Amino acid sequence: YGVLRHFFQLQSIAKKLLKRPFKKKDGDLHALILSGIYQLHFMRTPHHAVISESVNVTRTIRKEWARGVVNAVLRRFQREHEELMKVSGDTPAARYNHPPWIIDHLRKAWPDEWEQILLNNNQRPPMTLRINRQKVTRENYLQKLSDAKIEASADQNSDVAINLAKGIPVAQLPGFESGELSVQDCAPQQSAILLGAQPGERILDACAAPGGKTAHILETAPDIGEMVAIDSEISRLERLNENMARLGLAATTIQGDASSQEWWDGTHFDRILVDAPCSATGVIRRNPDIKLLRRKDDIQPLTKIQYAILESCWGMLRQEGVLLYATCSVFPGENEKQIQSFLAHHSDASIVPIEKNWGRPTGAGIQLLPGDHGMDGFYYARLLKRGDHSGNDK
């Protein structure tokens with residue numbers, strides 16, 4: 001993760017150190033060089049150990065012919081460290097540790113905030129917990145953490161959120177296996193709060209796996225009529241069911257495509273959560289691999305999928321029902337522009353204002369940028385389906 005977080009800067013340094021780049025089939029050696037440079041600059045591991053262990057890896061991957069190259073490159077970095085670091089930000093990609101297309105997108109979308117977004121994306125995020133208040137109160141759990149000598153504090157953005165001073169393996173958290181908590185940033189925790197499920201209602205989580213938001217809805221409103229969770233992949237649904245079992249919760253899980261109604265039984269939902277597949281550009285600080293895996297050409301196909309899901313779910317929502325649209329993206333094309341387009345094509349849809357002390361109003365929904373109030377980047381829009389009052393359910 002450290003290499004991924006600083007990938008473009010490390011690439012710039014490696015390019016200066018290597019007389020010629022490795023062949024494509026030797027990508028593992030290139031990764032080894034990046035890892036060694038990262039450890040030498042960012043970690044406290046003794047330098048001699050970093051170099052010797054990196055050289056030893058060439059034997060492990062059966063490329064001992066590269067021992068001399070790996071040794072020479074890392075030793076040169078050790079010697080010329082200060083000079084190399086001074087010139088390591090020689091391109092925008094290396095300076096901000098993001099691919100050029102993301103930098104360009106952010107500069108256009110957020111002309112006043114783009115630089116801060118990039119800087120925040122490169123920070124390590126807090127480890128945030130969501131307390132299952134069906135099993136424990138936040139106050140009681142804070143005491144459990146204190147008793148276990150784990151430093152933590154309540155987060156003011158959610159009444160069930162706790163921030164740890166330092167990230168630890170979940171197995172070390174008291175009550176994790178018995179379902180007293182989940183790990184979830186405060187930004188996605190807003191989903192259950194904004195959806196506002198009420199007793200007796202039929203709720204749909206349209207893109208549910210791995211089930212964090214499904215579980216939170218049930219923890220927040222245990223007396224709802226039915227909780228339906230769908231996902232297109234059976235393996236992801238299995239993970240959802242495992243999470244539900246650990247937390248002591250139950251939902252109707254169905255393998256289905258949210259952009260289609262083929263799986264639907266025809267009974268309308270009172271509230272629908274659409275946590276749409278997206279570029280995930282709001283959660284790069286948690287998933288730095290997004291910077292390498294996501295491509296510019298991915299965005300347009302994603303927006304088509306998002307709109308198809310909105311159309312499909314709108315047909316399954318009863319009149320006077322509420323649909324909450326969410327993404328972990330910071331690109332307007334996936335967020336407010338998507339919702340504005342939907343509103344323009346649906347006269348029965350109207351925005352329900354979101355009035356919170358966090359987020360930035362966009363004209364159609366509310367945007368969290370990475371680091372706002374300590375949270376991940378997220379977008380929310382709440383839509384009301386107006387009825388024709390003729391008694392016909394649509």
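**Labels and their grounds**

Modeller: Strand 6 (residues 226-231) has five of its six residues buried, so it is largely enclosed by the rest of the structure. This is a predicted model, in which local features need pLDDT of at least 70 and side-chain atom pairs count only at pLDDT 80 or more, while totals for chains, interfaces and linings use all residues. Residues are numbered from 1 along each chain as its sequence is written, and side-chain values use heavy atoms, with hydrogens and water left out.

Colleague: What makes a residue count as buried, and what makes a run of residues a strand?

Modeller: Buried means under 20% relative accessible area, exposed means over 50%, and partly exposed is in between, with a 1.4 Å probe and protein chains only. Strands are DSSP runs of E with at least two residues, helices are runs of H or I with at least four, and both are numbered from the N terminus.

Colleague: How do you know that strand 5 and strand 6 pair, and in which sense do they run?

Modeller: Two strands pair if DSSP finds at least two bridges between them. Four bridges join strand 5 (residues 202-205) to strand 6, and the two run parallel, so the pair meets that rule; Leu204 stands opposite Val228 in strand 6. Strand 6 also pairs with strand 7 (residues 252-255) in the parallel sense, again over four bridges, and there Asp231 has Gln255 as its bridge partner.

Colleague: Which elements make right-handed β-α-β units with strand 6?

Modeller: One unit consists of strand 5, helix 12 (residues 212-220) and strand 6, and another of strand 6, helix 13 (residues 234-247) and strand 7. Right-handed means that, with the strands pointing away from the viewer, the path from the first strand over the helix to the second runs clockwise. In the loop between strand 5 and helix 12 lies Pro210, and the peptide bond from Ala209 to Pro210 is cis, with omega near 5 degrees.

Colleague: Why are strand 2 and strand 4 said to stand at the edges of their sheet?

Modeller: That open sheet has four strands in the order 2-3-1-4, with antiparallel pairing. Strand 2 (152-154) and strand 4 (181-183) each have a single partner strand, so one side of each is left without a neighbour in the sheet. Neighbouring strands of this sheet are turned by 30 degrees against each other on average, direction ignored. Strand 2 is joined to strand 3 (residues 161-164) by three bridges, antiparallel, with Ala154 partnered by Ile162 in strand 3.

Colleague: What makes strand 13 largely enclosed, and which strands pair with it?

Modeller: Seven of the eight residues of strand 13 (residues 378-385) are buried, so strand 13 is largely enclosed by the rest of the structure. Strand 9 pairs with strand 13 in the antiparallel sense over six bridges, with Leu324 opposite Arg382. Strand 10 (residues 349-351) pairs with strand 13 over three bridges, also antiparallel, and Ile351 stands opposite Leu383. Strand 12 (residues 366-368) and strand 13 likewise pair in the antiparallel sense over three bridges, where Gln367 has Tyr379 as its bridge partner.

Colleague: What is the phi of Arg62, and is Arg62 buried or exposed?

Modeller: Most residues other than glycine have a negative phi, and most peptide bonds are trans. Arg62 has a positive phi of about 60 degrees although it is not a glycine, and it lies in the loop between helix 4 (47-60) and helix 5. With a relative accessible area of 77%, Arg62 is exposed. Glu320, in strand 9 (residues 317-327), has a positive phi of about 70 degrees and is not a glycine either; with a relative accessible area of 37%, Glu320 is partly exposed.

Colleague: How many residues line the second largest pocket, and of which classes are they?

Modeller: The second largest pocket is lined by 14 residues, and Leu18, Lys19, Arg20, Phe22 and Val69 lie nearest its centre. By class, the lining has eight nonpolar, one polar and five charged residues, where Ala, Val, Leu, Ile, Met, Phe, Trp, Tyr, Cys and Pro count as nonpolar, Asp, Glu, Lys and Arg as charged, and the others, Gly among them, as polar. Helix 5 (residues 67-79) gives the most to this lining, with five residues. On a 1 Å grid over the protein atoms alone, a pocket is an open set of points with protein on both sides within 12 Å along at least five of seven lines, and lining residues have an atom within 4 Å of a point.

How values were computed:
1 Å grid on protein atoms, 1.4 Å probe; cavity = no way out; pocket = protein on both sides within 12 Å on 5 of 7 lines; lining within 4 Å. Axes fitted to C-alpha atoms, helices over the stretch in contact; angles between N-to-C directions.
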